[in-house]
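Visitor: I would like to learn how to read a strand pairing, a sheet and a core. Where do we start?

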Amino acid sequence: DKETAAKMKARAKALSRFSWEADGFIIRPAKNKTELKREGNALDHCVATYYQAVAEGGSAIFFIRRAEHPNTPFFTLELDEEKLETRQNRGKHNCARTPEVKAFEEKWLKHIKQKEKRNAKRNNANKPAVAGA
């Protein structure tokens, strides 16, 4: 429905802060239901069933691509946003990640944790001091 699609669009925009490229790979959030279906069909796994959870904020789905083929499904990652940890990362037929994908994932997680830490420091520095404290 239109409400869920709008929520999904807003989530994709919010999650785009985690988009990144390094070592010949790209990672970006799923943008809509069509992308989730395409990903699931191409890789023969169930990521399309996560649509509602992503839209409602209970899941964060990212697509890992080879930089030279940014539109070709390769691996699908679910991020635990609170812990900034991977819940799962699967390729075709739910295969485990390759050593190269695992290394990229670890580097990306380190990157987003550092970025979130910097953003938190910046946000705290911009808060006004409490009077009388």
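**Strands, sheet and cores**

Guide: Strand β4 (residues 75–80) pairs with strand β5 (residues 85–90) in the antiparallel sense, over 5 bridges. The model is predicted.

Visitor: What holds strands of a sheet together?

Guide: Strands pair through backbone hydrogen bonds, either parallel or antiparallel. Here, Thr-76 stands opposite Arg-90 in β5. β4 and β5 form a hairpin with 4 residues between them, and Leu-84 in the turn has a positive phi of about 50°.

Visitor: In which order do the strands of the open sheet stand?

Guide: The order is β1-β2-β3-β4-β5, with antiparallel pairing. β1 (20–22) and β5 are at the edges with a single partner strand each, so one side of each has no neighbour in the sheet. On average, neighbouring strands are turned by 20° against each other, direction ignored.

Visitor: What packs on the sheet?

Guide: Helix α2 (residues 33–43) does, touching β2, β3 (60–66), β4 and β5. The direction of α2 makes about 55° with that of β3.

Visitor: Which residues of the largest nonpolar core touch the most other members?

Guide: As a general idea, nonpolar side chains in soluble globular proteins tend to be buried together. In this structure, the largest nonpolar core has 19 residues, of which Phe-18, Ile-27, Phe-62, Ile-64, Leu-79 and Trp-108 touch the most other members. β1, β2, β3, β4 and α4 (99–125) each give two or more residues to this core, and α4 gives the most, with 5 residues. Among the residues that Leu-79 touches are Phe-18, Phe-62, Trp-108 and Ile-112. A second, separate core of 9 residues includes Met-8, Ala-30, Ala-55 and Phe-63.

Conventions:
Residues are numbered from 1 along each chain as its sequence is written. This is a predicted model: local features need pLDDT of at least 70, side-chain atom pairs count only at pLDDT 80 or more; totals for chains, interfaces and linings use all residues. Side-chain values use heavy atoms; hydrogens and water are left out. Two strands pair if DSSP finds at least two bridges between them. Axes are lines fitted to C-alpha atoms, for helices over the stretch in contact, and angles run from 0 to 180 degrees between N-to-C directions. Contact means heavy atoms within 4.5 Å. A nonpolar core is a set of buried Ala, Val, Leu, Ile, Met, Phe, Trp, Tyr and Cys residues joined through side-chain atoms within 4.5 Å. Buried means under 20% relative accessible area, exposed over 50%, partly exposed in between (1.4 Å probe, protein chains only). Lists of a residue's contacts leave out its neighbours within four places in sequence.
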